[in-house]
Amino acid sequence: MGTTHLMVWMALVLIVGLVGLIIVRERYRPLLALLIVLANTALSAIPSILALTTGPQLGVFNIPHLVGDINIKIDSLSAWFILIINFTSITGVLYGSGYLKTYSHLKTNLELHWVFYILFHLSMVWVCMFDNGIAFLIAWELMSLSSLMLVIFEFQNKQTLKAGINYMVQMHLSVVLLTLGFILLYINTGSFNFEAIAQMSSNKNSIWIFVLLFCGFAIKAGFIPFHTWLPHAHPAAPSHVSGVMSGVIVKLGIYGIFRIIMYLRHDWLLFGEVILLLSVLTALYGIANAAVKYDFKQMLAYCTIENIGIIGIGLGIGLMGIGNGDKTMAVLGFSGALLHTLNHSLFKSLLFFGAGSVYQQTHTRNIERLGGLIKKMPVTAMMFLIGSMAIGGVPPFNGFVSEFIIYNGLFKGLLGFQGISQTILLVLTITGLVIVGGMSLITFTKTFGVIFLGNPRQELPHEPKEASFIMLLPQYLIVAAMLSVALVPQFFFSYANKVVSAAFAIESAGSAVSFAPMVQSIASVGKISMVFIVLMITIFGIRWLIVRKRHSVAYETWGCGYAAPVKKAQYSGQSFTRSFGLLFSFLKGKRTSERIQKEKLYPGQYSYSTHYIDILEEYFVAPLAKRLTFTLNYFQFIQNGQIQSYVLYGLFFIILVFLGTAFNLIY
Amino acid sequence: MVSLLLILLMSLFFTGFIIRTKSILSGRKGPGIFQPMRDIFRLWKKGSVYSTTTSFIFQIAPSAYFASVLMAVLMVPHGRNPGFISFDGDFIMFAYILAFGKFLMIVSALDTGSSFEGMGASREALFSMLVEPAFFILLGSFALFTGQTSFHDIFSTLHYGSQVSYLLGALASFVLVLIAMIENSRMPLDDPKTHLELTMIHEVMILDNSGFDLGTILYTTNLKFAMYGAIISNFFIGVLPYEISIPMFFIIQLGFAIAVGVIESFMARFRMGHNPQFVFILTSVSLLIFFGVLLVLGKFA
């Protein structure tokens, strides 16, 4: 069965699903959605696995008269991303079917939710399959729109709707840039295919194509300063959607960047350095903002930006490696980026699912109102702890594996580069990555500690209880996948390696010898993680043997002699990061407090609050948008709300196209 | 293997030496060098008090902290003898495994729901974030200097050719001594002898730990000290034969312990607000080392 047939089958499954989801009763919808996602997973996973093991799967899909031949190509790079998409989407459906139970009273909201979900899943898979620019853009647009509909699930909420519109506008900015890039490509080479990029020689146009496409993909991926949609869209969306969005959809931006640099044939060093610099700044900016946020879903969104930065660092190193002719560095950089993509999709969806369970039980996203949840939701707490440690990059979890590979690439480059500017850039990158690691330690100790540990800080609307099995099941699956990456990294590394070798034509025959020590040191990371786990279990065992017969007393927390502790006196998230926020004062804290007026006789209640603002959004994106709307106001007469004039516009356009074709102006 | 045994041996009386130095300098009689270890043994025999607020995190954290430091110790080489674990890029894993223990200790401090312990946890998280770059730039510079990327390879190929490289070694040991001081929450940053919770960092984090767990934490601190001492000694041992390197190891560790004692006797703790600046100095000294390496390698051409 060829790839084209599979494509048709997927479309058929989608149509059956769309119809089916509308017909069946509401109770069975999650089940049907799961079945459809599974069916499409199977249909897309078969060629993907074939692509990873044997070679690229090609196909042509012909729509006569419209766009002609659409090239479908599943190479190992697409396969890598398709498999990630599939895994995360399945866990998303499982989690969502439990998560949405609390919303069962919102009939209208639920009506089309799963329809958009399956559309979302399939469009993401299609994005990875099309080689043709136009088909790619259509799939891309389908993905953006279906995810938009998923984000504005609670459309009654004004804040959600606002976040949705913000998301929509930014995604269309991305599409505009991509479309321009493809048009420029077509003008220069006469083809819309990605592969055509490779034919471009080094000139001004080719640089512009790269810049346009890179910016388009960077908006999706969330590189600064294009990141501003993320911190709004993620908190607004239901948790399973934010899990999938953060886990996968931003990764498709990375996929796009990967795809274009794969065909880059010149200026590697320059692009590598630019991407590296941008990525380090993105990582630092993302995590510094994440550390001070008290809305835990917003924190996770900023943390996604950080991880995109880390992936970008991998890409930058890879490009610099190619530019310098250092294959080992290139392989380490790119495969580190690929593995981090996989790892991040795993632990970020795990964290979002955990956050969703907390939100479902407590109805708040403010960590300062929570506390002590580990006693009520022990399993969720454990999963969140594992996710937090993995994202902080500490062994024996999977986050460390990819960061280790990226570090190795950096050190390899440090030893390999002759130029002083590159050496300094690489050392500063190492420093940046280390600081990012430290900051994520602060961020996640704060988040985990304040949400799950200590005493409850406020009365909750109802007693929280453990999440249901259907919501925990996907989390178990993810943890199993995470541990397999952590303990057998060489298996995943070898496939990532394969993807990189295929994409960048790094011949593996001659380099097998030089890669051996690399694979060995990565395998030893897995072994040491295993030894570490065994060592910890042994020490726990010894402790248990010694302590179990001792008598132990339960008593209140030591309050330095103060015998009436107040729950409000606990260390809060704000106070935990206060000195951090002061030190990095570029994240300006905005303090608003109501002053006591002089004419008042007695002081009344007054409030005091601290907010940290996203300076790029406040001082760069928002003013820019304001100026743009100011200019665009003059064109408001076009949108006047009269259907007649809209029909007229349509007529004008048709006549224009007709005349254009008649006089051979458009062809 | 050699280094593991040496570090374990040294950890038994390292803090004892510090306390002895301090007592001699302040003209007191002072306890013997084995007193800290005796205290720890006594704690190991005691029962415990657990706060009702705490969860299992509080109980597993001290042991996991100990396990992480022990794991890191396994990676430290001794001269020509590599550590138990040695591979390319092992010092990255060294730093991150230590971070694992730190993560759990910080979280376990928050587990008590106390206002003081959260404060200590917050400071510990901040300072360990700030000190990490110094360590990495230092190791990165030496990796560049020797062209190797593992502890053992870096130390065994380290040759001091010119005067500049001696200077690098001296600066490196200065940075490492201060990193060790910060990581173990000692004087310029944190005063282990202070009695006011508001001015503590590490001590306040473990206010609620008692009995076996407290003993484990205290022993882990000793072990960490000996581990950093071993790394410092590696800068000087090189590939010397054991009959010279082992005595040298003890002399350097002793010198390190005495240096810590002297610093603690003659210096006051910094104001908490000034600590970040101090830690940044370490990073800049590391950068100085890095530029020194570039100079030695002639990259400024």
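## About the model

This is a predicted model, in which local features need pLDDT of at least 70 and side-chain atom pairs count only at pLDDT 80 or more, while totals for chains, interfaces and linings use all residues. Residues are numbered from 1 along each chain as its sequence is written, and chains are lettered from A and ligands numbered from 1 in the order in which they are written.

## Where the two chains meet

Let us start with the interface. Chain A places 64 residues in contact with 63 residues of chain B, where contact means that the C-beta atoms, placed from the backbone, lie within 7 Å. Several elements of chain A give two or more residues to this side, among them helix 16 (398-416), helix 17 (420-452), helix 20 (508-547) and strand 3 (552-555). Helices (H or I, at least four residues) and strands (E, at least two) are DSSP runs, numbered from the N terminus. Helix 17 of chain A gives the most, with 15 residues. The side of chain A that touches chain B has 40 nonpolar, 20 polar and 4 charged residues; Ala, Val, Leu, Ile, Met, Phe, Trp, Tyr, Cys and Pro count as nonpolar, Asp, Glu, Lys and Arg as charged, and the others, Gly among them, as polar.

Helix 15 (residues 378-391) of chain A packs against helix 13 (residues 327-362) of chain A, their axes coming within 9 Å and crossing at roughly 145 degrees. Axes are lines fitted to C-alpha atoms, for helices over the stretch in contact, and angles run from 0 to 180 degrees between N-to-C directions. The crossing is left-handed, a term for a near helix turned anticlockwise from the far one by less than a right angle, with clockwise giving right-handed. Residues making the contact include A:Phe347, A:Leu351 and A:Gly354 of helix 13 and A:Met383, A:Phe384 and A:Gly387 of helix 15. By class, this contact has 8 nonpolar, 4 polar and no charged residues.

Helix 15 of chain A also packs with helix 18 (residues 469-487) of chain A, at an angle of about 35 degrees and with axes 11 Å apart. This crossing, too, is left-handed. Here A:Val379, A:Met383, A:Ile386 and A:Ala390 of helix 15 meet A:Leu472, A:Gln475, A:Val479 and A:Met482 of helix 18, a contact with 7 nonpolar, 1 polar and no charged residues.

## The loop into helix 16

Between helix 15 and helix 16 of chain A is a loop that holds A:Pro396 and A:Phe397. The peptide bond from A:Pro395 to A:Pro396 is cis, with omega near 5 degrees. A:Phe397 is buried, with 26 other C-beta atoms within 10 Å. Leaving aside neighbours within four places in sequence, the contacts of A:Phe397 are A:Ile386, A:Met389, A:Ala390, A:Met482 and A:Ala486.

Helix 16 of chain A has 17 of its 19 residues buried, so it is largely enclosed by the rest of the structure.

## Helix 24 and some backbone details

Helix 24 (residues 643-662) of chain A is hardly covered, with 0 buried residues among its 20. From first C-alpha to last, helix 24 reaches 29 Å, close to the 28 Å expected. Just after helix 24, A:Asn664 takes a positive phi of about 60 degrees.

Back at our opening residue, A:His363 has a positive phi of about 60 degrees although it is not a glycine, and it is found in the loop between helix 13 and helix 14 of chain A. In chain B, B:Ser185 has a positive phi of about 55 degrees, again without being a glycine; with 22 C-beta neighbours inside 10 Å, B:Ser185 counts as buried.

How values were computed. Two residues are in contact if their C-beta atoms, placed from the backbone, lie within 7 Å. A residue is buried if 20 or more other C-beta atoms lie within 10 Å of its own, exposed if 12 or fewer, and partly exposed in between; C-beta atoms are placed from the backbone. The expected span of a helix is 1.5 Å times one less than its number of residues.
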